[in-house]
Amino acid sequence: MKEQINTVIIGGGHAGLTMSYFLSRAGREHVILERGRVGERWRSERWDSFCFQFPNWTIELPGYKYQCDDPDAFAPGREVVRFLDGYSDFLKAPVRCGVEVALLERASDSGRYLVNTNNGTFEAANVVIATGPYQLPVIPAMSADVPKTIFQLHSNAYRNASQLPPGSVLVVGSGASGCQIADDLNQSGRQVYLSVGRHSRRPRKYRGKDYAYWVSALGTTEQIVDTVPEQLRKGSEILLTGANGGYDVNLHAMAGRGIALLGHLQGINGSALILADDLTQNLARGDEALENFKRAVDDYITKNGLEFPAEREPAVESELPSPVSRLNLKDAGVSAIIWATGFRCNFEWVKLPIFDDGGQPLHRRGVIRLPGIYFLGLRWLYKRKSAFLRSASGAEDAAYLAEQITARS
Ligand SMILES: Cc1cc2nc3c(=O)[nH]c(=O)nc-3n(C[C@H](O)[C@H](O)[C@H](O)COP(=O)(O)OP(=O)(O)OC[C@H]3O[C@@H](n4cnc5c(N)ncnc54)[C@H](O)[C@@H]3O)c2cc1C
């Protein structure tokens, strides 16, 4: 028996819940299918010391704000889970947990959509795919060349240092995850090697305000996808952390704390790492991004005749120990590698002609040329902010899709 329903939302993260908020307001019948629990990725794909990377005052979804004692503090991951559970209860969201969608196809007779799950089939006029921007961990093929004695895992499976065998750790990737994990391991007393790629530094606080304040003041999060060249959209990873009360993620300072910085990892030959000679250049680019950001804030303040406290002269960056151009994993006592090398989408279960050659959905603001199929929560779905939880960033996109669904009905 197929269950008939107007709209199926696939995914019970913040995007799926936000969609539910707008569909409920419009009086549209719907169900959310979630293979795990509400906010599953915040429960099972973040490390123990992880904290939301933006201050508490930014944690909100349509109609619901995070309640806390200190709006300027940074919520631990478990609080984000509590917030999402609270939102689901507040919405009385029709979530069915433990229901995994294995196949989405079009019914040949009715033109409606068949959503096949581990718990029966749904037939729907509309389907909103809200399965997240960070679906499958990417681990480079060179991981197959790592000596078998070395333990390997992706950043999404890292919890804490006790999970790893004793010894030094190589972290590959210097985005927010790689840097936060490297610091976490360093604080646990591990010797850490960090392979550094392209990244963009940001100040945690500048001229008296948190980074989150400035990005919204500068309006960068409101940039629309078509106005930013694809190259810039891919951009380099922004370094932020909310751990330990929030601090500047500064690779120079990390080196000062004993983390050995390496160039980009190009390959592995036996126990020898093949490293690019690009550490100095990557650090310089990251530093330049920081200066550009500060300059943009200064210009904004001047142009608008605003008053903000002047920034103290930054401390002189400590001299980097000379770059490590070679590393032998065995000699360095490396017992584990953490691949902080990102994620990719996985829509193999969607059997509809709506993807480009690279497997990316062909859409405009989440609307596909096939009527009734929608995407929500992807990076750059419509604006730079589209995928983020903070500041109800996806609300505009969800409201737009709810309008489309209502108009179809
Ligand atoms: C390490 C890390 C740290 C981050 N930190 C922050 C931060 O501090 N602040 C911030 O704003 N953003 C942060 N982000 C980004 C944020 O996690 C995502 O933008 C956000 O989780 C996306 O929400 P979503 O609802 O679109 O997707 P998700 O949270 O990924 O939810 C998608 C849901 O779909 C379910 N699902 C997937 N496939 C199926 C299926 N076939 N059937 C049924 N259910 C399915 C999943 O179980 C999941 O619960 C971070 C991301 C990462 C990777």
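In which order do the five strands of the open parallel sheet stand? They follow the order β10-β21-β11-β12-β17, and we will come back to that sheet below.

## About the model

Welcome to a predicted model, in which local features need pLDDT of at least 70 and side-chain atom pairs count only at pLDDT 80 or more, while totals for chains, interfaces and linings use all residues. Residues are numbered from 1 along each chain as its sequence is written, and side-chain values use heavy atoms, with hydrogens and water left out.

## Around the ligand

Let us start with the ligand. The shell around the ligand holds 32 residues, where a residue is near if one of its heavy atoms lies within 4 Å. Glu34, Arg41, Arg46, Gln53 and Ala387 come nearest. Sorted by class, the shell has 17 nonpolar, eight polar and seven charged residues. Here Ala, Val, Leu, Ile, Met, Phe, Trp, Tyr, Cys and Pro count as nonpolar, Asp, Glu, Lys and Arg as charged, and the others, Gly among them, as polar. At least two shell residues come from each of α1 (14–25), β2 (30–34) and α2 (40–44), with α2 giving the largest share, three residues. These elements are DSSP runs numbered from the N terminus: helices are H or I with at least four residues, and strands are E with at least two.

For Gln53 the distance is 2.8 Å, for Ala15 it is 2.9 Å, and for Leu389 it is 3.1 Å. The protein covers 95% of the 990 Å² of accessible area that the ligand has on its own, computed by the Shrake-Rupley method with a 1.4 Å probe.

## The parallel sheet

Back to the five strands, which form an open sheet with parallel pairing. Two strands pair if DSSP finds at least two bridges between them. At the edges are β10 (151–154) and β17 (260–262), each pairing on one side only. From one strand to the next, the twist averages 20°; the axes are lines fitted to C-alpha atoms, and angles run from 0 to 180 degrees between N-to-C directions.

Four bridges link β10 to β21 (residues 334–339) in the parallel sense. Within β21, Ile337 is the residue opposite Gln152.

## The antiparallel sheet

β18 and β19 run antiparallel and are joined by four bridges. Ile268 has Leu273 of β19 as its bridge partner, and Leu273 also stands opposite Leu327 in β20. The pairing of β19 (residues 272–275) with β20 is antiparallel over three bridges. In the hairpin of β18 and β19, two residues lie between the strands, and Gly270 takes a positive phi near 65°.

## Salt bridges

Finally, the charges. The whole structure has 20 salt bridges, each a side-chain nitrogen of Lys or Arg within 4 Å of a carboxyl oxygen of Asp or Glu. One of them joins Glu3 and Arg96, whose closest N and O atoms are 2.7 Å apart. Because Glu3 lies in β1 (residues 2–10) and Arg96 in β5 (residues 95–97), this pair ties together parts that are 93 residues apart in sequence.

Definitions and conventions: A polar contact is a pair of N or O atoms within 3.5 Å; within protein, one must be able to donate a hydrogen and the other to accept it, and residues adjacent in sequence count only if both atoms are side-chain atoms.
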